[in-house]
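Hi,

Here is the structure I promised to pass on. Have a look at it first, and then read on for what I found.

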Amino acid sequence: MKEITANMAGSVWKVLVQEGEQVEIDQDVVILESMKMEIPIATEDDGIVKEIKVKEGDFVNEGDVLVTLE
Amino acid sequence: MIKKVLIANRGEIAARIIRSAKQLGIKTVAVFSEVDENSPFVQMADESYLLGPARVNESYLNIDKIIEIAKEYRADAIHPGYGFLSENHLFAEKCEKEGIIFVGPNSQVLKQMGSKIEARKIMKEAGVPVVPGSIEALDTIDEAKAFAKEIGYPVMLKASLGGGGIGMQVVQSDEELENVFLDNQQRAKQFFGDGSMFIEKKIDDARHIEVQILADQHGNVMHLFERECSIQRRNQKVIEEAPSSFISEATREKMGEAAIRAAKAVDYTNVGTVEFLVDSEENFYFIEMNARIQVEHPITEEVTGVDLVKEQLLIASGNPLSLNKNDIKIKGHAIETRIYAEDPERFFPSPGQITRLDLPEGEHIRHELGVSSSFQVTPFYDPMIAKLIVSGASREEAIERMKDALNNYHIDGIKTNIPMLKTIIEHDQFKKGNTKISFVDEYYLPMLKK
């Protein structure tokens, strides 16, 4: 199982994928928002989305898991 | 004269305004969000009131709540600072209706200057050179493509109501324009409530040089020379200096005159900034007017000796300008570096707990601070947490002093852009004055890859 983590603290602005969806390397899965900036978080691996750990509006810290892949 | 001013802002600029208001004998009211309770500006003000939760819509953008506090505690004026509500014409209009002095131009001017398409039209008519581009909004991709073809790629695609770099993009080809037009239009609609887009010719090798103006309510307009703010990342300024080392005395004079024409064209009042792009031949083109105090105002203050915030409060009180243009000369050189809570290589925000704040001190060093030691930098607002301003008799001296000051500037606990600032300040091309808007892309980012 692979984890996609937040690279900065902020809130979840958009979740771009659904559980069960096939994703490809470099595809954006979540957009975080922090300090007036939107940061797309991309997957570094191919895989199928197993679990989405956050919902839009949630606050996350750097390193928190956003999405897991299998 | 204003008796009590409410500062509808936070961080370093709120503290800055409180300082000047106090010197004029004006009482100060701070308003703050739940997460800003321990901010320096909250302690500095004579009175402080909670606005609401951290999110800006419930706090610093909550017009009704801010007006309510101003009325309840009898503030006869509101200073909006920069950002937030500072250029919001509906807020200014509401202040006008409630009989509260808005420290800035009137709502009509804010409305005109808020629309970049409208501002370009007005300036063109007033004889202020504007960047070649579309006069009307471009509604469809086809219109945009036809226009881009006419002026030639590369072009800048911009949102009429855009700001802070949002909705703005360099476009190189028809294909790229097709890909990004709708997306930017959509974002502009979402962020600014209006998706009007326009296209400007991309000016090659441009510098960003802006002119500070002051205008009272009696028709007197003057300028306080220029600031060069070409060193930018993510379309936001990082290092600013006054005066510009690039333009000639003749250009300086012409730009000052153009800025005064711009202000007069809209019956501007209070302090404001006319922003220009300047090409390598010293041709200058109006890009926009910032109808408020600028982040980088301190460097103008350092080289002219004028306290711009005091001037704002005096002008808003109805006083005529007391400054005489002939008495004001540029003295020496000043540089400002913006301290951002962010990763210095990727420019990603880095909120968190500050564990150490150790600042350089010296006669030629000025700090504007939004934080204190053991301050929690939250992710809710702009990443700029402080400004470092140094001055010197010459640009070389100012650069040397900035270098020393940055070396003695210590913030622990969060990432900051200080390493980036040091690298740029010590860069040969910066020292040579080769300060184009492309500086970060051309010189800084490639150094990181090595």
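Five salt bridges link domain 1 of chain B and domain 3 of chain B in this predicted model. One pair in a salt bridge is B:Arg16 with B:Glu301, whose closest N and O atoms are 2.8 Å apart. On the domain 1 side that touches domain 3, helix H1 (residues 11–23) of chain B gives the largest share, 10 residues. By class, that side of domain 1 has 16 nonpolar, 11 polar and seven charged residues.

For orientation, the domain assignment of chain B puts domain 1 at 4–103, domain 2 at 132–201 and domain 3 at 207–449. The centres of domains 1 and 3 of chain B, taken over C-alpha atoms, are 23 Å apart. Contact involves 34 residues of domain 1 and 31 residues of domain 3. Between them, the two domains bury about 2,400 Å², with 63% of it on carbon and sulfur atoms. B:Glu12, B:Arg16 and B:Tyr82 supply 24% of the area that domain 1 buries against domain 3, more than any other three residues.

Among the buried ones are B:Leu308, B:Glu311 and B:Gln312. At the start of H11(B), a side-chain oxygen of B:Asp307 comes to within 3.1 Å of the backbone nitrogen of B:Val309. After H11(B) comes B:Gly318, with a positive phi near 100°.

Best wishes

Technical notes:
Residues numbered from 1 in each chain as written. Chains lettered and ligands numbered in written order. Predicted model: local features only at pLDDT ≥ 70, side-chain atom pairs only at ≥ 80, totals over all residues. Heavy atoms only, no water. Buried < 20%, exposed > 50% of the residue type's maximum accessible area, 1.4 Å probe, protein only. Helix = DSSP H or I, 4+ residues; strand = E, 2+ residues; numbered from the N terminus. Polar contact = N/O pair within 3.5 Å; in protein donor to acceptor, adjacent residues only side chain to side chain. Domains from an automatic or database assignment. Contact = heavy atoms within 4.5 Å. Buried area = accessible area lost by both parts, 1.4 Å probe. Salt bridge = Lys/Arg side-chain N within 4 Å of Asp/Glu carboxyl O. Nonpolar A, V, L, I, M, F, W, Y, C, P; charged D, E, K, R; others polar.
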